[in-house]
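Reader: I'm used to working from coordinates, and I'd like a friendly guide to reading the features of this model. Let's start with a pair of side chains.

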Amino acid sequence: MSLHHFFLDGQVLELETEPCFALRLSSEDAKHARVLRLEPGEHISVVDAAQDYFECEVVSVDDDIVVRIAQKLDAPDDGPSVVLVQGLAKGDKMDDIVRHATEVGISAFVPLSCSRSVVKLDAKKAAAKTKRWQAIAHSAAMQAGRTMIPEVSEPLDVASAARIFAEATAVLVCWEECPATSTIASALGSAFEECGVRDIRDARIVVVVGPEGGLSAAEVEVLTAGKRAWPVTLGPSILRTETAGVVAPALVLYECGRQFGAYHAQTVL
């Protein structure tokens with residue numbers, strides 16, 4: 001049975017001097033803990049401000065949640081850093097994409113303002129939306145038991161995104177008009193061979209998904225102008241943006257493991 005999971009922003013558990021101590025949860029996480037109706041003796045998992053991972057036993061749940069450390073845990077092995085650059089979508093679609101992509105395992109989320117984006121955000125709305133998406137990523141990471149919360153940036157335009165990710169291990173631009181042979185697998189194979197990555201944790205893969213209307217040819221040209229940047233297909237079906245925003249990073253994470261494993265085996269031999 002998985003443990004309920006919490007993040008601490010300003011508390012390092014190894015600095016606590018008493019065997020039993022209160023968790024300094026954010027107001028939202030404290031509210032979530034009350035909804036869970038935690039009981040004394042129950043165990044929870046905690047990632048503290050030093051990014052250390054602990055299993056804690058609940059001692060009391062009066063005004064604060066008081067715990068003792070049951071054991072320090074080994075964090076799951078880190079995979080590659082996968083950044084989802086998602087074209088702004090209308091309605092609640094962005095909320096769903098952030099939530100599900102966080103569960104899948106992305107490391108960062110970058111909203112992308114595209115020529116075909118129906119949604120147009122001014123600075124005030126962009127800041128408010130970013131704050132909401134950060135809260136959703138936080139909640140989804142807790143639910144999924146992740147040991148890190150994806151970083152969520154404010155929206156970027158296409159040119160800015162292309163500059164920021166110019167040094168990534170690979171930039172994969174999902175585009176329905178590219179050839180069927182331009183797959184995620186082939187692009188990652190080329191990237192790993194060119195970069196000579198020795199540790200999968202050093203890889204930084206950027207996945208770009210367009211908005212409802214897709215990316216324009218001009219935007220694809222800008223995004224793939226740098227080194228190790230390719231347009232890629234997600235298969236013969238044209239996926240909705242909210243589907244592609246989850247499927248694409250999932251495929252990338254899978255292929256990263258498979259491709260890197262094969263590449264590393266060859267370099268060792």
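## Reading the model, feature by feature

Author: Lys31 and Glu28 lie 3 residues apart in helix H1, which means that about one helical turn separates them. Helices (H or I, at least four residues) and strands (E, at least two) are DSSP runs numbered from the N terminus. This is a predicted model, where local features need pLDDT of at least 70, side-chain atom pairs count only at pLDDT 80 or more, and totals for chains, interfaces and linings use all residues. Residues are numbered from 1 along each chain as its sequence is written, and side-chain values use heavy atoms, leaving out hydrogens and water.

Reader: What joins the side chains of Lys31 and Glu28?

Author: A salt bridge, at 3.5 Å from N to O; the rule asks for a side-chain nitrogen of Lys or Arg within 4 Å of a carboxyl oxygen of Asp or Glu. Lys31 is partly exposed at 43% relative accessible area, while Glu28, at 51%, is exposed. Here buried means under 20%, exposed over 50%, and partly exposed in between (1.4 Å probe, protein chains only).

Reader: How many salt bridges does the rule give?

Author: The count comes to 11. One of them joins Lys93 to Glu242, with the closest N and O atoms 3.9 Å apart. This pair links distant parts of the chain, since Lys93 sits in helix H2 and Glu242 in helix H7 (residues 241-268), 149 residues apart. Glu242 is partly exposed, with a relative accessibility of 23%.

Reader: Which residue forms a salt bridge with Lys227?

Author: Glu167 does, and their closest N and O atoms are 3.4 Å apart. Lys227 is partly exposed at 46%, whereas Glu167 is exposed at 60%. There is also a network, in which salt bridges with shared partners join Glu14, Asp52 and Lys72.

Reader: Is Asp52 buried or exposed?

Author: Asp52 is buried, with a relative accessible area of 19%. It lies in the loop between E3 and strand E4 (53-61). Beyond its neighbours within four places in sequence, Asp52 is in contact (heavy atoms within 4.5 Å) with Glu14, Val46, Val47 and Lys72.

Reader: How should I read the sheet?

Author: In general, strands pair through backbone hydrogen bonds, either parallel or antiparallel. Here an open sheet of 5 strands runs in the order E1-E3-E4-E5-E2, with mixed pairing; pairing requires at least two DSSP bridges between two strands. From one strand to the next, the twist averages 40°. E1 pairs with E3 (residues 43-47) in the parallel sense over 4 bridges, and His4 stands opposite Ile44 in E3. Helix H1 (residues 27-36) packs on this sheet, touching E1 and E5 (65-73), and its direction makes about 165° with that of E1.

Reader: And two packed helices?

Author: For H2 (residues 93-104) and H3 (residues 123-144), the axes come within 8 Å and cross at roughly 35°. Axes are lines fitted to C-alpha atoms, for helices over the stretch in contact, with angles from 0 to 180 degrees between N-to-C directions. Among the residues that meet are Met94 and Val98 in H2, and Trp133 and Ile136 in H3.
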